[in-house]
Amino acid sequence: MRDYILLFVNGKRNRIDGADAFRTVSDFLRGVLNLCGTKIVCSEGDCGSCSVLCGTPDFQNRRFSYKPIDSCIRFVYQLDGCNIVTVEGLADNEVQGGKLNCVQQAMIDCHGSQCGFCTPGFVMAMTGILEDSNSPSENDWRRGLTGNLCRCTGYSPIIEAGLRSDTKSSASMNDCFEPTAMLDAIGNAASQEITVTSNTQTIYSPTTIDQAVQYLVQYPEVKIVAGATDVGVQFNKGNCEAEVWLDLNRVWSMKTVSLTGGAIVAGAGATWSDIEILIENDLPQFHQILTWFGSPQIRNVGTIGGNIVNASPIADSLPLMFVCNAELQLTGGDGTREVNINDFYQGYKKFDLQPGELLSQIRIPLPEDDEELRLYKISRRQDLDISSFTGAIKMKLSGRKIRSAVIAYGAVGPVVLRLPKTESFLAGKELNEETMVAAGEIVVSEIKPITDVRGGDEYRLQLARNVLLKFLHEVRPEGALA
Ligand SMILES: Cc1cc2nc3c(=O)[nH]c(=O)nc-3n(C[C@H](O)[C@H](O)[C@H](O)COP(=O)(O)OP(=O)(O)OC[C@H]3O[C@@H](n4cnc5c(N)ncnc54)[C@H](O)[C@@H]3O)c2cc1C
Ligand code: FES
Ligand code: FES
């Protein structure tokens with residue numbers, strides 16, 4: 001058992017205990033280490049000004065894996081054993097010897113910075129792109145920067161800077177921050193349980209599900225933290241206070257994801273980035289949705305379990321899981337039980353998770369070969385925006401005949417809704433425009449959308465009808481109007 005967090009920052013070791021372990025990473029960097037290059041603007045993961053690179057140890061390959069994260073919604077206690085690289089560390093290391101790295105130089109050459117407030121965040125995200133590829137395409141630069149906002153430049157000079165970066169001269173973070181000494185310093189600390197206390201709070205950071213469940217049983221009021229992309233936002237807004245926290249980031253068995261037996265089998269702590277890579281070929285419809293999910297910084301830490309238990313009716317992953325009958329594995333003091341996701345939610349932010357239980361695993365069966373699946377995310381902006389409407393439609397077809405239909409819509413009620421009347425109306429019908437228009441009238445009798453900042457109720461009702469027609473045009477373009 002350890003009572004402190006071991007965190008490297010720009011390769012330098014920090015032993016962090018007491019209240020500092022509970023700070024957000026951006027606050028710790030600026031307020032404790034005086035590394036003020038990391039900026040804070042929104043404090044809710046939207047602008048990317050606070051982006052840093054988080055290197056997580058990969059003991060097997062004797063290196064760190066570096067990815068951009070938003071440091072304003074990450075807590076120090078979540079980063080035990082990691083190496084955080086800030087904008088100050090890009091030049092100040094043995095390889096660069098004080099010289100700016102290639103994207104910093106290109107940002108100067110291309111006038112990618114005006115007021116400069118967003119610049120460190122962009123530079124960190126751009127350096128993160130180079131960790132994945134040493135010759136990124138324009139699309140790679142554009143997709144990799146969807147988590148960063150700039151009020152001044154109009155973005156073109158920043159993309160230009162990416163394209164003109166002398167990537168051949170770029171040193172990787174594992175070159176700049178020699179991993180062996182850091183990995184040796186961590187040693188077997190990675191497998192130690194951690195408990196850190198301050199005057200007002202305690203954080204438990206177990207490494208196995210059994211240990212995690214013991215804490216849940218012992219402290220029923222404990223607040224679970226996974227990626228903290230929801231919890232961190234609420235914390236910064238003053239809406240999430242707890243005396244006892246349970247960090248699942250070091251429960252290694254909950255972080256794996258695989259394609260097994262025709263299904264995605266994900267530990268609840270698997271990140272969206274890991275899932276995105278895994279399913280690209282086997283579930284391209286969901287892969288597309290995930291490319292619009294938050295931003296790289298959000299997907300690098302946000303987890304599938306957090307999305308499910310956060311229980312938002314506009315969570316982007318839920319319609320897919322509803323139509324595929326995902327099985328949730330819930331683990332508590334009395335063992336493990338399985339619940340179909342269609343039976344999990346009981347009302348707005350209410351669900352079938354008992355005190356002392358956590359969500360441990362999710363199994364999502366892939367669609368069969370004769371099933372057509374389409375997923376919809378409609379938002380005011382394509383990237384980094386919360387959905388106004390989400391939907392999943394899965395149909396088994398024989399020629400033009402619908403053998404069965406399964407539909408789930410989000411943002412049309414307090415929970416994601418299955419549409420049983422519409423589903424049974426469609427079964428046995430011919431897939432054509434007349435059928436889908438008639439189905440649209442049944443759909444609107446099954447949902448009750450509200451008006452909010454993301455759309456009016458009438459708009460959402462129209463979307464609910466329209467996506468049925470969109471499905472028709474997508475799966476049967478040749479006969480859509482017949
Ligand atoms: C800028 C931004 C953009 C976003 N964009 C999107 C988007 O496009 N689409 C979308 O759907 N969401 C989006 N989100 C929301 C969020 O990223 C997702 O819901 C994410 O999957 C949450 O995962 P997490 O690990 O960060 O959860 P956390 O914040 O760690 O936890 C969320 C909730 O789940 C509970 N919890 C977590 N894991 C478990 C577990 N294993 N067992 C029991 N309880 C658990 C926590 O106690 C908490 O109540 C966005 C958030 C931000 C800040
Ligand atoms: S300050 Fe805006 S994402 Fe962190
Ligand atoms: S340069 Fe001013 S916000 Fe980007």
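Colleague: What makes the crossing of α3 and α6 right-handed?

Modeller: This is a predicted model. A crossing is right-handed if the near helix is turned clockwise from the far one by less than a right angle. The crossing of α3 and α6 is of that hand.

Colleague: Which residues of α3 and α6 meet?

Modeller: From α3, Val103, Ala106, Met107 and Asp109. From α6, Ala161, Gly162 and Arg164. Contact here means C-beta atoms within 7 Å.

Colleague: How do you know what classes the contact of α3 with α6 has?

Modeller: Ala, Val and Met count as nonpolar, Asp and Arg as charged, and Gly as polar. The contact therefore has 4 nonpolar, 1 polar and 2 charged residues.

Colleague: Where do the domains lie in the protein?

Modeller: The domain assignment gives domain 1 (1-187), domain 2 (252-365) and domain 3 (381-479). The centres of domain 1 and domain 2 are 28 Å apart over C-alpha atoms.

Colleague: How many residues of domain 1 and domain 2 are in contact?

Modeller: 12 residues of domain 1 are in contact with 7 of domain 2. On the domain 1 side, β4 (63-70) and α5 (138-144) each supply at least two residues. The largest share, 4 residues, comes from β4. By class, that side has 2 nonpolar, 6 polar and 4 charged residues.

Terms used:
Residues are numbered from 1 along each chain as its sequence is written. Chains are lettered from A and ligands numbered from 1 in the order in which they are written. This is a predicted model: local features need pLDDT of at least 70, side-chain atom pairs count only at pLDDT 80 or more; totals for chains, interfaces and linings use all residues. Two residues are in contact if their C-beta atoms, placed from the backbone, lie within 7 Å. Domain bounds come from an automatic or database domain assignment.
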